[in-house]
Amino acid sequence: MNLTLTTLPETIRWQDGALYLLDQTRLPLETVIEKQETVDQVWQSIKQLKVRGAPAIGVAGAYGLVLSVTDQTHLSYAAFLQELERQAAYLDSARPTAVNLKWALTRIVSKARELSGFDVPAIHQRLVAEAVQIHDEDRQLCRKIGEHGLALIKQDMGILTHCNAGSLATAELGTALAPMYLAHEQGIPFRVYADETRPLLQGSRLTSWELQQAGIDVTLICDNMAAYIMSQGLVDMVIVGTDRVAANGDVANKIGTLGVAILAHHFNLPFYVACPYSTIDFNTPDGKSIVIEERGETEVTHFGDRRTAPENIQYRNPAFDVTPHTLVTGLITDRGIIRPPYQENLQQFYGG
Ligand code: MRU
């Protein structure tokens with residue numbers, strides 16, 4: 001039962017007061033672990049997707065925030081708190097769609113507010129402990145998601161996933177991939193189709209890599225092959241992750257997820273979305289209110305370093321899309337599988 005510890009990559013490590021990130025932009029060809037020395041470096045790592053996936057950027061953001069004030073413990077409490085809030089806003093500006101980043105930063109700042117009677121070096125120590133707790137908690141949440149989703153995986157099933165909601169996107173095990181890792185541990189045979197996920201290829205570079213490393217039967221397909229593969233009866237279920245679940249159950253996830261959900265509906269296949277509570281945002285009423293990150297030109301006009309589009313072409317590069325809750329069969333969460341009606345049932349599972 002040690003599969004997760006021995007074969008899954010470690011995305012984020014906090015060791016002796018230093019933050020180390022596995023540079024995911026270089027996978028699967030190179031495994032490079034980069035020490036993060038400054039808050040600017042952490043901001044860049046999040047922006048450039050060296051660390052990516054909603055829960056992972058939350059964890060990295062929390063560590064980045066405590067790093068940003070390591071040299072500020074000589075300040076008065078008020079000045080320290082002000083600096084912490086400034087750095088939290090800065091880190092939050094790296095990527096807007098995944099609510100886990102804001103959630104983790106807010107948790108660190110709230111902890112500092114709670115500790116107003118303590119001296120500043122002691123507060124800093126407690127903030128470090130809080131970041132470590134966010135990291136540990138994510139590991140446990142992913143395992144719980146896996147346990148709740150496990151019952152959905154039946155012998156010889158074909159499961160399609162989009163982007164990477166695996167170990168690399170979290171502290172360990174992932175969200176969408178967690179039930180698959182646990183099913184594999186239990187010896188249940190199944191196969192996975194991993195969409196390559198243009199433009200940044202999280203499916204081919206990351207999902208197919210981490211599943212292959214774990215010994216899971218995975219087949220890589222280009223995004224535009226999903227309909228054909230489904231039409232051949234090879235897919236029984238879709239499981240994806242999410243960057244934000246709105247209060248009505250609409251979900252934002254990697255661009256292309258909406259297309260997969262529409263296909264699943266057409267072929268009458270269950271479409272599940274896996275997430276921890278930190279991805280559920282009751283302050284966002286519906287999918288229309290979710291800010292969708294727009295990224296730069298070269299991700300679309302180039303393939304790797306090579307230009308594949310004409311000079312001066314107009315382009316769009318939304319990094320995420322929103323799938324309406326009407327297309328979601330269930331949300332696999334750390335507390336169980338939430339089914340429609342989402343507005344009511346999300347409240348019942350996680351509200352107030
Ligand atoms: O741009 P990315 O790679 O950060 O996008 C990641 C996704 O869309 C994931 O599916 C989502 O964050 C869930 S990760 C458990």
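Student: Let's start with the open sheet of four strands: what is the strand order, and what kind of pairing does it have?
Tutor: The order is S11-S8-S9-S14, and the pairing is mixed. Two strands count as paired if DSSP finds at least two bridges between them. The strands themselves are DSSP runs of E with at least two residues, while helices are runs of H or I with at least four, and both are numbered from the N terminus.

Student: Which are the edge strands?
Tutor: Strand S11 (280-281) and strand S14 (320-323), each of which pairs on one side only.

Student: And how do S8 and S11 pair, parallel or antiparallel?
Tutor: Parallel: strand S8 (residues 244-246) and S11 share two bridges.

Student: Before I go on, what should I know about the model itself?
Tutor: It is a predicted model, so local features need pLDDT of at least 70 and side-chain atom pairs count only at pLDDT 80 or more, while totals for chains, interfaces and linings use all residues. Residues are numbered from 1 along each chain as its sequence is written, and side-chain values use heavy atoms, with hydrogens and water left out.

Student: Fine. Now to S15: which residues sit on its two sides, and are they buried or exposed?
Tutor: In strand S15 (residues 330-333), Gly330 and Ile332 are on one side and Leu331 and Thr333 on the other, and all of them are buried, so both faces are covered. Buried here means under 20% relative accessible area, exposed is over 50%, and partly exposed is in between, with a 1.4 Å probe and protein chains only.

Student: What does S10 do with S15?
Tutor: Strand S10 (residues 271-274) pairs with S15 in the parallel sense over three bridges. Ala274 stands opposite Ile332 there.

Student: And how many bridges join S15 to S16?
Tutor: Three, with strand S16 (residues 336-338) running antiparallel to S15. Leu331 has Ile338 as its bridge partner in S16. A hairpin of two residues links S15 to S16.

Student: Changing topic: how many salt bridges are there?
Tutor: The count is 17, taking a salt bridge as a side-chain nitrogen of Lys or Arg within 4 Å of a carboxyl oxygen of Asp or Glu. One of them joins Arg107 and Glu137, at 3.2 Å from N to O. Arg107 lies in helix H5 (residues 99-114) and Glu137 in helix H6 (residues 120-150), so this pair ties together parts that are 30 residues apart in sequence.

Student: Are Arg107 and Glu137 buried or exposed?
Tutor: Arg107 is buried, at 16% relative accessibility, and Glu137 is buried too, at 16%.

Student: What about Lys111, which partner does it have?
Tutor: Lys111 forms a salt bridge with Glu114, with the closest N and O atoms 3.2 Å apart. Both lie in helix H5, three residues apart, which is about one turn of the helix. Lys111 counts as buried at 17% relative accessibility, whereas Glu114 counts as exposed at 58%.

Student: I also clicked on Glu293. What does it meet?
Tutor: Arg295, in a salt bridge of 2.7 Å from N to O. Glu293 is buried, with a relative accessible area of 3%, and Arg295 is buried with 12%. Salt bridges with shared partners join Arg95, Glu293, Arg295 and Glu299 into one network.

Student: Let's zoom out. How is the chain divided into domains?
Tutor: Into domain 1 (3-144) and domain 2 (151-350), with bounds from an automatic or database domain assignment. Their centres, taken over C-alpha atoms, are 24 Å apart. Domain 1 gives 36 residues to the contact and domain 2 gives 42, where contact means heavy atoms within 4.5 Å.

Student: Last one: how many helices and strands are there in the protein chain?
Tutor: Twelve helices and 16 strands. Of the 352 residues in the chain, 56% are buried. The C-alpha atoms fill a box of roughly 65 × 50 × 40 Å along the principal axes.
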